[in-house]
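Open the model in your viewer and keep the selection panel at hand. The tour goes from the ligand to a helix pair and then to some backbone details.

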Amino acid sequence: MLKEETTATPPPSPPHILIFPVPLQGHVNSMLNLSEILCLSGLHVTILLSDHTHDRLLRHASLRSRFSRYAAFRVATISDGLPADHPRSGQRILEIVLSLKEVGGPQFRRLMEGLSDGGGGAPRVSCLIMDGVLSFTIPVVEEMGIPFIYFRTISACSFWPYFCIQEMIDAGEVPLKDKNEDKLTYWKRKEMDLMVTSVPGMENLLRRRDIPAFCRVEDVGDAGFQSIKTETRRTTQAAALILNTFEDLEGPILDQIRKHIPNLYSIGPLHSHLKALLKEKGMESSHHSSSFWKEDDSCMGWLDSQPPKSVIYVSFGSITMLTRDELLEFWYGLVNSGVRFLWVVRPDSVVEDRIGNGCGNEIPVELVEGTKLRGLMVEWVPQEVVLGHPSVGAFFTHSGWNSTLESVVIGLPMLCWPYFADQTTNSRFVSEVWGIGLDIKDTCDRLLIERMVKEVMMGVRRDELLEKARGMANMANKAICEGGSSHMNLNRLIEFLKSTAL
Ligand code: UDX
């Protein structure tokens, strides 16, 4: 008997998602959380890190133990093209993106060619999820017929003004600096308080000083500014946009963005979404560090010995650089407020030499004594754990988006001192839209800091801030539970990702 001829179609290879964050702490944190969520959903995931970032994670984070339970998780690396001693912080972070743009293309092509035939035992890459400013990857994936998705790790409320930069230029609202103007004082001009009219949905809300601070340039030809403007607008070419936010927090702005980018998945707050999914699956979700610096756990014992809600936690994130004068203003403000404080001062975060180095830069004795009495200063902490400690009553923050969401989830009122980038917009929303904090941008004065620290910890507005913060925390929690907006959006995203492998 003749056997029936069959043309055996090979089984579809499983979805394999390549995730490519900008190599900075906040971005990597969000992307690692997304990576783990996708692993939990049975997808193959490769995360592409810079050599520098990978090295930091191997030294200080628990990357290996965190992902050892996912056989389908891999790490690939690429050089960011910068010398080892480049600070990769402060105002120079845009150099990372510009450098990657220059040196990343050929490296990315080699990587993709290696992965295209199932190199390294992984299936062919079926989709690229990348930070929104890494478009040098697009020609390579387009050539290979692989779809790409943008994951902007910033808020919707800062993404949207970035998207509308051309409109702000046309309306004369950007650039924010005048040529030849004193660089240190331009932000004191009263024009900075004029309302922005050219960002739909943000009229009567955003002042010029609240526009993302990368727009604080004097020349629209500035390379970093141009890169953000064109890269953000390019989001419309992506198969989808992912944002780490939730509908109850930023619904009206998400609706504005959807008019241009309908395939938008709001799936945040990602860090607590991940915890909820691990719990759902009965998996252990203890603290795993993804820190670029060594976490100092000694602060937990100190927090244990403080009364409930008595400590203000102070941290300006992973990039902020302070001048010596700013450091002293914060320090005096905190000590003079009489409030207990836990303050993270990164080893690389003061522009001039560290004070107290025996070069005439000694720390004033009243600060040393005041800190001994009521404060603790450390170089880096497990922030999510600290924010959840019962002794912490408020968060003095630079309004980085991860920090903001971590605070929202706990329901802590915030005092905001944005340093740059998206933070100037986030802090406006925290204070004026969500009513869960106070914004002191563009000032750094010990008297004001003293007053505002007291205000957020024990002032007349404390109860109102706390009530709104707790309400927002409830909404964040609902969003990630079964039937919640972020939960449903994540399911839709996973279906979409699975379909890319067919
Ligand atoms: C900045 C931006 O402001 C942010 O919005 C953008 O997406 C990336 O660049 P960064 O300064 O890193 O980010 O702030 P943030 O986004 O808040 O991220 C900092 C992360 O470091 C948080 O997840 C926080 O928990 C963690 N952290 C901070 C620690 O784990 N320990 C610390 O001591 C301080």
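Predicted model: local features only at pLDDT ≥ 70, side-chain atom pairs only at ≥ 80, totals over all residues.

**The ligand and its shell**

**Polar atoms at the ligand**

Show V381 with its backbone atoms. A backbone N or O atom of V381 is 2.6 Å from a nitrogen atom of the ligand. Then show the side chain of H398, where an N or O atom lies 2.9 Å from an oxygen atom of the ligand. Go on to E406: a polar atom of the E406 side chain is 2.6 Å from an oxygen atom of the ligand. The ligand taken alone exposes 670 Å², and the protein buries 96% of that.

**The pair α4 and α8**

Select residues 94-116, which form helix α4, and residues 223-233, which form helix α8. The two helices pack with their axes 10 Å apart, at an angle of about 70°. An angle of 65 to 115 degrees counts as roughly perpendicular, and α4 and α8 are therefore roughly perpendicular to each other. To see the contact itself, show L94, V97, L98 and K101 on the α4 side, which meet A223, G224, S227 and I228 on the α8 side. By class, this contact of α4 with α8 has five nonpolar residues, two polar ones and one charged one.

**Backbone details in loops**

Which peptide bond next to P175 is cis? The bond from V174 to P175 is, with omega near 5°. To find P175, look in the loop between α7 (165-170) and α8.

Move to G268 and P269, which are also joined by a cis peptide bond; omega here is about -5°. P269 sits in the loop between β7 (264-266) and α10 (270-280).

The last stop is K309, in the loop between α11 (298-304) and β8. Check the phi angle of K309: it is near 55°, a positive value in a residue other than glycine.

Methods: Residues numbered from 1 in each chain as written. Heavy atoms only, no water. Axes fitted to C-alpha atoms, helices over the stretch in contact; angles between N-to-C directions. Helix = DSSP H or I, 4+ residues; strand = E, 2+ residues; numbered from the N terminus. Parallel < 35°, antiparallel > 145°, perpendicular 65-115°, else oblique. Contact = heavy atoms within 4.5 Å. Nonpolar A, V, L, I, M, F, W, Y, C, P; charged D, E, K, R; others polar. Polar contact = N/O pair within 3.5 Å; in protein donor to acceptor, adjacent residues only side chain to side chain. Areas by Shrake-Rupley, 256 points an atom, 1.4 Å probe, with all protein chains shown as cover.
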